[in-house]
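Subject: Structure for you to look at

Hello,

Here is the structure I said I would pass on. Please open it first, then read the notes below it.

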Amino acid sequence: MDSSRSNWKHPKFKTSRIALFRINDVMQNGYITEKRYVYENSCNYDKLPDWCRLLLDGYLSDTAHSFCDNYSRQHRMACSEFLIYVWSVGVTKPDEITHKNVIDYYYKYNYRTLKTKNLYNRIIRRFLKHLADKDFIPGSLAFTLDRFSISRIIILDERPDEKKCVDLYQQDQMAVKILPAEYYSMAKELGDVFLEKHHYSKTMKKTFRKAWRELYVFLEANKQSRLFI
């Protein structure tokens, strides 16, 4: 079917996918188990290496109570596609996933509609947030896959030498060193107290928090292990 897809209009392609889904259902279960069919590209999940499948199965198990069956299938499809991509570029364990991997996935992976792209990216962000909560990946990776912020993320290694920031601080200044994650935790706490205390509007609160979050992503994306304040 893949070889014919480019010559078919989407309704014909969709109908053919449903037919294949039903055949697969009968082959696996002996009969048709579903009255409604949301086609799932199961080959991506089946192709996942063990470490990817363990991550995804753990996520789906931990969130099973939150989703209906159709939504769980969407999560498995979206996350499988992302994991297949990072595996294809050489990632062999979760802590090797980089901000550049996430950015490249956003720009290189094609979806039929923008609505589908946004839906899948929201799902993948939730998956990355889950991995971050488990301390498998840096917390800022989930924030990277934000369609409003991703175009502003700077990776210093990709910039011409003359445009790279050599020093983000003065070496001789009196300062306190903190980790990027510690900075972001402090920024969120400051926002919750300071912005509320001074009655900032919802728009200004959102603007401040977005700026703090994007700085956090920048620091971790460029391996700035210490921030001087």
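A residue is called buried when its relative accessible area is under 20%, exposed when it is over 50%, and partly exposed in between (1.4 Å probe, protein chains only). This is a predicted model, in which local features need pLDDT of at least 70 and side-chain atom pairs count only at pLDDT 80 or more, while totals for chains, interfaces and linings use all residues. Residues are numbered from 1 along each chain as its sequence is written, and side-chain values use heavy atoms, with hydrogens and water left out.

Overall picture

The chain has 9 helices and 2 strands; these are DSSP runs (H or I of at least four residues for helices, E of at least two for strands), numbered from the N terminus. Their order along the sequence is α-α-α-α-α-α-α-β-α-α-β. Of the 229 residues in the chain, 36% are buried. The accessible surface is about 14800 Å², and carbon and sulfur atoms account for 52% of that (Shrake-Rupley method, 1.4 Å probe; for residues, only the protein chains shown count as cover). A contact means heavy atoms within 4.5 Å. Among contacts between residues at least 6 apart in sequence, 63% join residues at least 24 apart.

Cysteines

A disulfide is a covalent bond between the sulfur atoms of two cysteines. The test used here is a pair of cysteine sulfur atoms within 2.5 Å, and the structure holds 0 disulfides. Are Cys52 and Cys79 buried or exposed? Cys52 is buried, at a relative accessible area of 0%, and Cys79 is buried with a value of 0% too.

Salt bridges

Side chains of opposite charge can pair when their charged atoms come close. A salt bridge is counted when a side-chain nitrogen of Lys or Arg is within 4 Å of a carboxyl oxygen of Asp or Glu, and there are 5 salt bridges by this rule.

- Lys134 pairs with Asp62, with 3.4 Å between the closest N and O atoms. Lys134 is in the loop between helix 6 (114-133) and helix 7 (140-144) and Asp62 is in helix 3 (residues 50-63), so the pair ties together parts 72 residues apart in sequence. Lys134 is partly exposed at 42% relative accessibility, and Asp62 is partly exposed at 36%.
- Lys100 pairs with Asp104 at 2.7 Å, N to O. Both lie in helix 5 (residues 99-108), 4 residues apart, which is about one turn of the helix. Lys100 is partly exposed at 36%, whereas Asp104 is buried at 17%.
- Lys210 pairs with Asp146 at 3.9 Å, N to O. Lys210 is in helix 9 (residues 202-221) and Asp146 in the loop between helix 7 and strand 1 (177-178), so this pair ties together parts 64 residues apart in sequence. Asp146 is buried, at 13%.

Aromatic rings

Rings of Phe, Tyr and Trp (its six-membered ring) pair if their centres lie within 6.5 Å; planes under 30 degrees apart count as stacked, over 60 as edge-to-face and the rest as tilted. The whole structure has 5 aromatic pairs. Phe82, Tyr85, Tyr105 and Tyr109 are linked into a cluster by ring pairs.

A charge sits over a ring if NZ of Lys or CZ of Arg is within 6 Å of the ring centre and within 35 degrees of the ring normal. Arg53 has its charged end over the ring of Tyr45, 5.0 Å from the centre. Lys117 lies over the face of Tyr106, 4.3 Å from the ring centre.

Regards
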